[in-house]
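The following report concerns a two-chain model. Please consult the sequence and coordinates displayed below while reading.

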Amino acid sequence: MTALARAEAAEAARRDGPPRRRRGVRPGRVILPVYSWLVIAYLVFPIAVMIVYSFNRVTRGLQQVSFAWNGFTLQWYRQWNAVPGLTSSFWLTIRLAIAATVVATVLGTLLALALVRYRPPRFRGKTLVEQVLFLNIAAPEIVMGASLLGLFVTINLARGFLTLLLSHVAFSIAYVAVTVRARMAGFDRSLEEAAADLGANAWVTFRKITLPLIMPGILAGALMAFALSVDDFVTSNFVSGSAVPFPVWVYGATRVGIPPQVFVFGSAIFMVGICCALASIVVSRRQP
Amino acid sequence: MTETHTARAAAAGEAGPDAALPAIELAGVAKEFHSGGEVVTAVRDMDLAIREGEFFSLLGPSGCGKTTTMRMIAGFEEPTRGLIRLHGRDVTGTPPNKRDVNMVFQSYALFPHMTVFENVAFGLRRRQVPRNEITRRVGEMLEIVDLSGRERRRPRELSGGQQQRVALARALVNRPRALLLDEPLGALDLKLRQAMQVELKRIQREVGITFVYVTHDQGEALTMSDRIAVMNDGVIEQLGLPREIYEHPATRFVAGFIGTSNLLTGTVTRLAGELAVIEVSEAEQILVPVRGLRVGPGSPLELTVRPEKIDLATRRPADGACALRGTVTEVVYLGTSTSFAVTTTTGAEMVVFRQNSALAGDLAGRGDEVWLSWQPQHSYPIG
């Protein structure tokens with residue numbers, strides 16, 4: 001048999017596939033889906049409990065969350081505004097998250113651009129900046145919260161919305177920078193050169209070419225900054241002072257009993273998150 | 001298209017006596033890059049004048065400085081020394097957005113978030129051209145590059161060849177004084193590349209704009225160019241018409257880089273009129289036209305002969321021609337022609353192309369003793 005004939009025979013054998021075992025369910029086809037669903041259940045279960053118990057009736061005593069099922073009610077949704085302090089802390093958290101997101105996204109994006117664009121001769125201390133970014137993400141929050149409090153006390157800055165904003169921006173910048181930077185990795189610089197070649201100045205090039213192309217990264221970074229700010233407890237607890245954000249308020253309430261409205265707000269925040277996720281899926285499907 | 005011609009004529013009229021000026025002029029241009037404390041010279045003291053309306057190619061291997069030269073003309077790199085003039089105006093230090101040249105990028109650099117129309121209209125919008133004029137000019141340009149009806153498409157929905165033509169339209173629609181093309185056909189497959197070569201040449205004739213074409217593909221350069229500059233190691237080795245470059249390579253590098261070339265060396269035995277004679281043996285000789293060269297008996301001489309100029313026979317050819325004896329070491333059938341590798345008695349490796357025809361039959365086989373001969377005018381001295 002010549003080498004060519006042998007190769008052809010081998011090719012034919014490969015085409016026909018192995019003659020063994022075609023029927024029956026292979027274990028691999030079962031393990032993965034079962035495992036996936038278990039993980040999903042594990043992650044979703046606590047949230048599901050919260051949503052279910054936001055509809056739980058309270059029969060006697062104080063209006064507090066209890067985990068005995070007393071029947072279905074929409075009372076807490078109708079009276080979502082009834083707990084003094086809770087609603088205002090919720091709105092404080094939202095205002096804080098929006099402000100922190102805007103500031104951190106702008107600063108983080110600029111930082112990412114600088115890190116991608118420039119190298120040591122022009123950008124001295126680039127490695128140091130990268131290390132600080134990493135440290136910022138890796139450092140335990142309790143350390144950051146305590147040191148921020150120390151700083152604000154030292155410089156005698158009254159604790160409130162401003163100190164919260166400064167702290168939230170401080171821990172969000174690194175996340176935004178890392179996310180935007182990842183998006184920039186595949187960015188073709190010749191697109192910017194092409195824009196310049198066609199008569200666009202630096203600002204127009206940034207606005208018409210660079211910004212739209214890195215926008216998905218910026219939005220992802222912004223979303224992350226928003227989520228970090230909304231659910232931050234550790235740092236906020238240190239620097240909040242008189243302005244009490246939602247997580248700090250809830251933590252305070254646990255000592256005396258959580259009003260069911262907390263579950264209403266929790267469910268609402270979760271639903272908004274779900275809607276954002278769905279919208280992002282729809283948008284990314286629609287684009288070719 | 002008449003519009004473009006009038007525009008050009010008007011521009012020429014304004015320029016008046018400047019009409020004879022070169023479209024692009026490089027005077028003593030050098031470019032050095034600093035990398036890790038080392039200085040890398042990409043372009044050395046280059047003088048170059050590209051004429052108005054010509055199809056000019058910068059040809060050379062990768063790393064020869066051709067792309068750097070083009071990027072300096074476009075304004076993406078500033079020369080370390082020297083001046084760059086566009087139509088007599090010194091543009092050294094002028095940013096790319098203020099230079100009246102446009103570039104077609106190797107990667108096309110089409111804006112992926114914009115439609116074909118928006119891509120092509122980008123340059124016109126930057127110059128505040130009225131909306132209806134933009135629509136008209138973009139439409140005209142898309143017609144020229146044969147992409148009408150695809151205005152609403154996104155770049156990624158187009159084939160490689162179509163993207164290439166969008167890139168071309170996006171640059172040409174601005175009616176630049178010169179168009180710079182950086183290996184624009186590199187990413188296309190062979191068939192499409194050949195079709196686009198013809199297409200590019202047609203478009204260049206139609207719009208009458210100076211094209212500066214950077215390529216490492218000698219076939220491409222020879223096919224399309226009016227003039228070619230062959231670059232190596234930051235310098236222009238030879239500048240001339242495609243035919244001159246191919247048939248009279250000025251340096252060893254050009255001879256080796258353009259097509260297949262046979263390089264021979266020898267010592268001049270005597271002079272016969274304007275021919276230098278290198279007598280290899282009693283029956284073998286090489287004749288080289290050396291008019292204008294300072295060559296005498298005893299001086300070493302280097303020359304090239306193109307493989308298709310050489311005849312291959314079993315008998316010694318008539319007197320008055322160059323003749324060498326050798327042994328065939330390889331025969332490669334190439335379809336329309338056959339390539340023979342021959343080792344001469346002097347030990348030189350030579351390549352000979354012969355046209356295939358039914359009449360000729362098989363000229364020689366491996367191991368055959370053959371005679372190589374060619375006319376003296378096909379010997380080109382180098383140096």
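## Loop, cores and chain contact

B:L293 is found in the loop that lies between strand 14 (285-289) and strand 15 (300-305) of chain B. Helices (H or I, at least four residues) and strands (E, at least two) are DSSP runs, numbered from the N terminus. The model is predicted: local features need pLDDT of at least 70 and side-chain atom pairs count only at pLDDT 80 or more, while totals for chains, interfaces and linings use all residues. Residues are numbered from 1 along each chain as its sequence is written, and chains are lettered from A and ligands numbered from 1 in the order in which they are written.

B:L293 is partly exposed because 14 other C-beta atoms lie within 10 Å. A residue is buried if 20 or more other C-beta atoms lie within 10 Å of its own, exposed if 12 or fewer, and partly exposed in between, with C-beta atoms placed from the backbone. By this criterion B:V212, with 26 C-beta neighbours inside 10 Å, counts as buried. B:V212 belongs to strand 8 (residues 210-215) of chain B.

Two residue pairs, with C-alpha to C-alpha distances, are listed below.

| Pair | Separation in sequence | Distance in space |
|---|---|---|
| B:V212 and B:M70 | 142 residues | 8.0 Å |
| B:L293 and B:G139 | 154 residues | 57 Å |

Leaving aside residues up to four places away in sequence, B:V212 touches B:I24, B:I50, B:F56, B:L58, B:M70, B:I73, B:A178, B:L180 and B:L181. Contact here requires C-beta atoms, placed from the backbone, within 7 Å.

A nonpolar core is a set of buried Ala, Val, Leu, Ile, Met, Phe, Trp, Tyr and Cys residues joined through C-beta atoms within 7 Å. The largest such core comprises 82 residues, and B:A169, B:L180, B:V212 and B:V230 have the most contacts inside it. Helix 5 (residues 160-172) of chain B gives the most to this core, namely six residues. A second, separate core of 39 residues includes A:A222, A:F238, A:F246 and A:V248.

In helix 11 (residues 246-254) of chain A, the buried residues are A:F246, A:V248 and A:W249. They cover an arc of only 165° around the axis, which puts them on the same side of helix 11 of chain A; the arc is that of the directions from the helix axis to the C-beta atoms.

The contact between the chains takes 19 residues from chain B and 16 residues from chain A. Helix 3 of chain B contributes the largest share of the side of chain B that touches chain A, three residues.

Notes:
Two residues are in contact if their C-beta atoms, placed from the backbone, lie within 7 Å.
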